Amino acid sequence: MKIDVYDFDKTVVPYDSAMRYWHWCLLHRPYIIIILPFQIILSLLALLKIISVPTYKKGCFRFVSLLGTKNTVRKFWDSHEKDVYPFFRPENRDGSRKCAVVSASPDFLIREICERMKVDYCIATRHDERTGKLLGSVCRREQKVERLKEVLPDAEVECVYSDSLEHDRYIFDLGKRRYLASKGKLTLFN
C-alpha cells in the first residue's frame, strides 16, 4: 500500500498543538490554573535538561484529568480547524494514496482533527485521555518509524512532509519524495 506521511505540529498547523490546547484550556477552563506551578517546575526542569522529554510529557498532560477531554478537544478544534494549512486539506491531497499522520502530539488531541481531515492513520503519542497519563514512549525521532512500521508494516512511503530536517530525518529517510514545510509552504528536497 502506498502512503504519504505527515508530521503534525508546525507542519500541518503553524504551532505546537499541545501548547495551543493548554492555553485554550487555561482560557476556557481557568480552574486548571491550580496545576500551573507544577507545570512551570516541569518546564524549567525540561529546559535545563534535568528531566527527559518523556518524563516531562508524563506530567505535563495530567491537567486533562480536570476536563471532559473529548468535549474540550472537540471545542478546541472547532475554533482551530481553520488553522490547518491548505496543502493538508483532503481536497488538496493526492487521493490515490493513503494518508498517515505520525506525531509526537498526544493522540487524544490530534485524533479529532485527523478524522475531520479524513486522515487514514493517526499515529501519535499515546495518552490516557481520561487522566492524561503517558502510555508507552513518546512518538518522536526514530520512534516515529517504529510506530509507523508497527501500524503499517507493508507501507510504501511515497511522500513525507515535515517542518524539521533534524527531528524527522528518520521518517524523511522512508520517503521517495521529501517536502520541508515552512509556514504552509512546501519545498521539495532530496
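Where does Ile50 sit relative to helix H2 and H3? Ile50 is in the loop between helix H2 (36–47) and H3, with helices (H or I, at least four residues) and strands (E, at least two) taken as DSSP runs numbered from the N terminus. Keep in mind that this is a predicted model: local features need pLDDT of at least 70, side-chain atom pairs count only at pLDDT 80 or more, and totals for chains, interfaces and linings use all residues. Residue numbers start from 1 along each chain as its sequence is written, and side-chain values use heavy atoms, leaving out hydrogens and water.

**Surface**
- Ile50 is exposed at 56% relative accessible area; exposed means over 50%, buried under 20%, and partly exposed in between (1.4 Å probe, protein chains only).

**Cores**
- The largest nonpolar core has 41 residues, and Tyr21, Phe63, Trp77, Phe88 and Leu109 have the most contacts inside it.
- A nonpolar core here is a set of buried Ala, Val, Leu, Ile, Met, Phe, Trp, Tyr and Cys residues joined through side-chain atoms within 4.5 Å.
- A second, separate core of 13 residues includes Ile3, Ala100, Ile123 and Leu148.
- Setting aside neighbours within four places in sequence, Phe63 is in contact (heavy atoms within 4.5 Å) with Tyr21, Trp22, Cys25, Ile32, Ile35 and Gln39.

- Helix H6 (residues 142–151) has Gln143, Lys144, Val145, Arg147 and Leu148 buried, and their cover includes strand E1 (2–6), E2, strand E3 (121–125), E4 and helix H7 (169–172).
- Lys144 pairs with Asp7 in a salt bridge, the closest N and O atoms being 2.9 Å apart; the term means a side-chain nitrogen of Lys or Arg within 4 Å of a carboxyl oxygen of Asp or Glu.
- Asp7 lies in the loop between E1 and H1, so its pairing with Lys144 in H6 ties together parts 137 residues apart in sequence.
- Both ends are tucked away: Asp7 is buried at 6% relative accessible area, and Lys144 is buried at 4%.

**Other salt bridges**
- The structure holds 17 salt bridges.
- One of them links Arg116 and Glu81 (2.9 Å, N to O).
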